[in-house]
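Keep the coordinates open as you read.

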Amino acid sequence: MNPLILVVDDEPDVEALFRQQFRRDLREARFTMDFARSGAQALEIVAEAEASLILILSDVNMPGMSGLDLLLKARQARPDVPVIMITAYGDPETLRETIAIR
């Protein structure tokens, strides 16, 4: 079972960008990537992924469940899996909230 990296972002072009950036690693099966368009979909994948999930990369600003809400729930479900938050619109308050959740 290959290690799994989960990318969570509501923007449809993000998947293509990640697949392009990691094309060699994916082709050589160093790991697999799964993509979720929402926090709710990501939590379903987290629940099903079991031991293969090694990393979650999540956008902060998403409709519905924010990346920060996802971070809290993912930490509860899988405290062993690191979560890296990604945003194009960083602000000091979001940074403080993210650090507080860690």
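Arg 37 sits in the loop between β2 and α3. The model is a predicted one. Is Arg 37 buried, exposed or partly exposed? Its relative accessible area is 46%, so Arg 37 counts as partly exposed. Setting aside neighbours within four places in sequence, Arg 37 is in contact with Asp 9, Asp 10, Glu 11 and Pro 12. Take Glu 11 from that list. Along the chain, Glu 11 and Arg 37 are 26 residues apart, yet their C-alpha atoms are separated by 7.2 Å.

Now step back to the whole chain. The protein has 102 residues, and 38% of them count as buried. It has five helices and four strands. Read from the N terminus, the elements run β-α-α-β-α-β-α-β-α. The accessible surface comes to about 6300 Å², with 53% of it belonging to carbon and sulfur atoms.

The strands come next. In what order do the four strands of the open sheet lie? The order is β2-β1-β3-β4, and the pairing is parallel. β2 and β4 are the edge strands, each pairing on one side only. From one strand to the next, the twist averages 20°. β1 and β3 pair in the parallel sense over five bridges. Leu 6 has Ile 56 of β3 as its bridge partner. Helix α1, residues 13–21, packs on this sheet and touches β1, β2, β3 and β4. The direction of α1 makes about 170° with that of β2. α4 also packs on the sheet, touching β1, β3 and β4. The direction of α4 makes about 180° with that of β4.

β3 and β4 pair in the parallel sense over four bridges. Here Leu 57 has Ile 84 of β4 as its bridge partner. In a regular strand, side chains alternate between the two faces of the sheet. β4 has a covered face with Val 83 and Met 85, and an uncovered face with Ile 84 and Ile 86.

Start with α3. Gly 39, Ala 42, Ile 45, Val 46 and Ala 49 are buried there. Why do they lie on the same side of α3? They cover an arc of only 115° around the axis, and this puts them on the same side. The general rule is that an α-helix has 3.6 residues a turn, so residues three or four places apart point the same way. The buried residues of α3 pack against β1, β2, β3 and α4. The face turned away from this buried side carries the exposed residues Glu 44, Ala 47 and Glu 48. Just after α3, Glu 50 takes a positive phi of about 55°.

In α4, the buried residues are Gly 67, Leu 68, Leu 70, Leu 71 and Ala 74. Seen down the axis of α4, they fall within an arc of 150°, so they line one face of the helix.

Nonpolar side chains tend to be buried together in soluble globular proteins. Where does that show here? The largest nonpolar core has 20 residues, of which Leu 6, Val 8, Leu 53 and Ile 56 touch the most other members. β1, α3, β3, α4 and β4 each supply at least two residues of this core. Another core lies apart from it, with nine residues, among them Val 14, Phe 18, Leu 55 and Leu 57.

Leaving out neighbours within four places in sequence, Val 8 is in contact with residues including Ala 36, Ser 38, Gly 39 and Ala 42. Its contacts also include Ile 56, Leu 57, Ser 58, Asp 59, Met 62 and Leu 70.

End at another loop, the one between α2 and β2. Ala 29 is found there. Ala 29 is not a glycine, yet it has a positive phi of about 60°. Its relative accessibility is 37%, so Ala 29 counts as partly exposed.

Note on methods. Residues are numbered from 1 along each chain as its sequence is written. This is a predicted model: local features need pLDDT of at least 70, side-chain atom pairs count only at pLDDT 80 or more; totals for chains, interfaces and linings use all residues. Side-chain values use heavy atoms; hydrogens and water are left out. A nonpolar core is a set of buried Ala, Val, Leu, Ile, Met, Phe, Trp, Tyr and Cys residues joined through side-chain atoms within 4.5 Å. Buried means under 20% relative accessible area, exposed over 50%, partly exposed in between (1.4 Å probe, protein chains only). Contact means heavy atoms within 4.5 Å. Accessible areas come from the Shrake-Rupley method with a 1.4 Å probe; for residues, only the protein chains shown count as cover. The arc is that of the directions from the helix axis to the C-beta atoms. Two strands pair if DSSP finds at least two bridges between them. Axes are lines fitted to C-alpha atoms, for helices over the stretch in contact, and angles run from 0 to 180 degrees between N-to-C directions.
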